[in-house]
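Hello,

Here is the structure I promised to pass on. Please open it first, then read my notes below with it on screen.

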Amino acid sequence: QLQLVESGGGLVQPGGSLRLSCVASGFTLDHYPIGWFRQAPGKEREGVSCIGASDGSTYYADSVKGRFTISRDNAKNTVYLQMNNLKPEDTAIYYCAALNEFASRISIASMSDQVDYWGQGTQVTVSS
């Protein structure tokens, strides 16, 4: 069974940090670009960051640029999202997704249309 499982969410104060993990089972991630998305209450799901499969190129939404870092460890079949200087507006359910392995290009704008597999999500709450 193909599965993506996120972990690492929780409650953190503004200015704090969290590291989310996305682990794949039933398939290997190394052929797939991976994206992180989030959905806040009452809002549409939005792309946050993505990382290429072959060259490891990274992309970020303007709202998180300079604060979030995406990385991958193919040996562990895991992708991470390091989130620093968290703000209340970062509160959302965070999802990882395997993007289409044959996609010629990935970007924040296109990643929503390129999802092959979704994880179940992990809640991140930023509040004092």
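**The largest pocket**

The residues that line the largest pocket fall into three groups: five are nonpolar, six are polar and three are charged. Keep in mind that this is a predicted model. The volume of this pocket is about 170 Å³. Its lining has 14 residues, and the closest to the pocket centre are Gly52, Ala53, Ser54, Ala103 and Ser104. Find those five on your screen and you have found the pocket.

Next, look at the strands. In general, strands of a sheet pair through backbone hydrogen bonds, and the pairing can be parallel or antiparallel.

Strand S3 covers residues 18-25, and strand S8 covers residues 78-83. Six bridges join them, and they run antiparallel. For a landmark, take Leu18: it stands opposite Met83 in S8.

Strand S11 spans residues 122-126. In a regular strand, side chains alternate between the two faces of the sheet. Which residues of S11 are on the covered face, and which on the uncovered one? Thr122, Val124 and Val126 make up the covered face. Gln123 and Thr125 make up the uncovered face.

S11 pairs with strand S2 (residues 10-12) in the parallel sense, over three bridges. There, Leu11 stands opposite Thr125. S11 also pairs with strand S9 (residues 92-99), but in the antiparallel sense, again over three bridges. In this pairing, Ala92 has Val124 as its bridge partner.

**A buried serine**

Last, find Ser49 in strand S5 (residues 46-51). Is Ser49 buried or exposed? Its relative accessibility is 0%. Buried means under 20%, so Ser49 counts as buried. What lies 2.8 Å from a polar atom of the Ser49 side chain? The backbone oxygen of Tyr59 does.

Best wishes

How values were computed:
Residues are numbered from 1 along each chain as its sequence is written. This is a predicted model: local features need pLDDT of at least 70, side-chain atom pairs count only at pLDDT 80 or more; totals for chains, interfaces and linings use all residues. Side-chain values use heavy atoms; hydrogens and water are left out. Two strands pair if DSSP finds at least two bridges between them. Helices (H or I, at least four residues) and strands (E, at least two) are DSSP runs, numbered from the N terminus. On a 1 Å grid over the protein atoms alone, a cavity is a set of points where a 1.4 Å probe fits but cannot get out, and a pocket is an open set with protein on both sides within 12 Å along at least five of seven lines; lining residues have an atom within 4 Å of a point. Grid points are joined across faces, edges and corners, and a volume is the space filled by probe spheres set on the points. Ala, Val, Leu, Ile, Met, Phe, Trp, Tyr, Cys and Pro count as nonpolar, Asp, Glu, Lys and Arg as charged, and the others, Gly among them, as polar. Buried means under 20% relative accessible area, exposed over 50%, partly exposed in between (1.4 Å probe, protein chains only). A polar contact is a pair of N or O atoms within 3.5 Å; within protein, one must be able to donate a hydrogen and the other to accept it, and residues adjacent in sequence count only if both atoms are side-chain atoms.
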